[in-house]
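Reader: Please go through some of the labels used for a protein model, and say what each one rests on.

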Amino acid sequence: MRLSTKPLAVCLVVLMLVLVNTSVFAASAKSTAVKTDNIIKTAEKYLKTPYRFGGESPKGFDCSGFVKFVYDKNGKKLPRSADVQYLQGKKVARSKLKPGDLVFFSTYAAGASHVGIYYGSGKFIHASSSRGVMISRLDETYWKPRYFGAKRILN
């Protein structure tokens, strides 16, 4: 009795395709995680940098200048102002936030007028007009009622 090799060859080709696609997916997921880690690490480097209205450099940042600078350093271009940054990415529910997501607040103007980078564990890193680049909690008495929404820029 002679077995046909054609079904075996087809099975091997299918198995190889599955393995290739799985490894491509895993590599893609890993590169996204690395980008998110890099965003957070870059942001942390500038903790305690002073606030400067209109600032977008390590000499001084305002909120959207800080976010733009951090993302630019990691190869992702963002618009300059918080309200226009809010138009980017995909909307994210507060309960689904991941490090690297942008969090927006209504402070001095209606709509998105302040932005920070979600840090994890209910915290975000941002350029505060009173204390420069710092980490705050979303549920602080000042920030909680001003929360406007969040966007995911990275996949």
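Reader: Which residues lie nearest the centre of the largest pocket, and what makes a residue part of its lining?

Author: Tyr51, Cys63, Tyr108, Ser113 and His114 lie nearest the centre, and the lining has 20 residues. A lining residue has an atom within 4 Å of a pocket point; the points form an open set on a 1 Å grid over the protein atoms alone, where a 1.4 Å probe fits, with protein on both sides within 12 Å along at least five of seven lines. H2, helix H3 (82–85) and strand S6 (123–128) each give two or more residues to this lining. Helices and strands are DSSP runs, H or I of at least four residues and E of at least two, numbered from the N terminus.

The model is predicted: local features need pLDDT of at least 70 and side-chain atom pairs 80 or more, while totals for chains, interfaces and linings use all residues. Residues are numbered from 1 along each chain as its sequence is written, and side-chain values use heavy atoms, without hydrogens and water.

Reader: What is the volume of the largest pocket?

Author: About 380 Å³, taken as the space filled by probe spheres set on the points, which are joined across faces, edges and corners.

Reader: What makes a set of residues a nonpolar core, and which members of the largest one touch the most others?

Author: The members are buried Ala, Val, Leu, Ile, Met, Phe, Trp, Tyr and Cys residues joined through side-chain atoms within 4.5 Å. Of 24 residues in the largest core, Phe61, Phe66, Val67, Tyr71, Leu102, Val115 and Ile117 touch the most other members. At least two residues each come from helix H1 (6–45), H2, strand S4 (102–105), strand S5 (114–120) and S6. H2 gives the largest share, six residues. Another core lies apart from this one and has 10 residues, among them Tyr118, Phe124, Leu138 and Trp143.

Reader: How do you know whether Phe124 and Trp143 are stacked or edge-to-face?

Author: Rings of Phe, Tyr and Trp (its six-membered ring) pair if their centres lie within 6.5 Å; planes under 30 degrees apart are stacked, over 60 edge-to-face, the rest tilted. The structure holds 11 such pairs. Phe124 and Trp143 have centres 5.4 Å apart and planes at 90°, which makes the pair edge-to-face. Phe124 is in strand S6, and Trp143, 19 residues away, is in the loop between strand S7 (132–137) and strand S8 (147–152). At 0%, Phe124 is buried, and so is Trp143 at 8%.

Reader: What kind of pair do Tyr142 and Trp143 form, and why?

Author: Their centres are 4.8 Å apart and their planes at 85°, so this pair is edge-to-face. Tyr142 has 38% relative accessibility and therefore counts as partly exposed. Ring pairs link Phe105, Phe124, Tyr142, Trp143 and Tyr147 into a cluster.

Key: Buried < 20%, exposed > 50% of the residue type's maximum accessible area, 1.4 Å probe, protein only.
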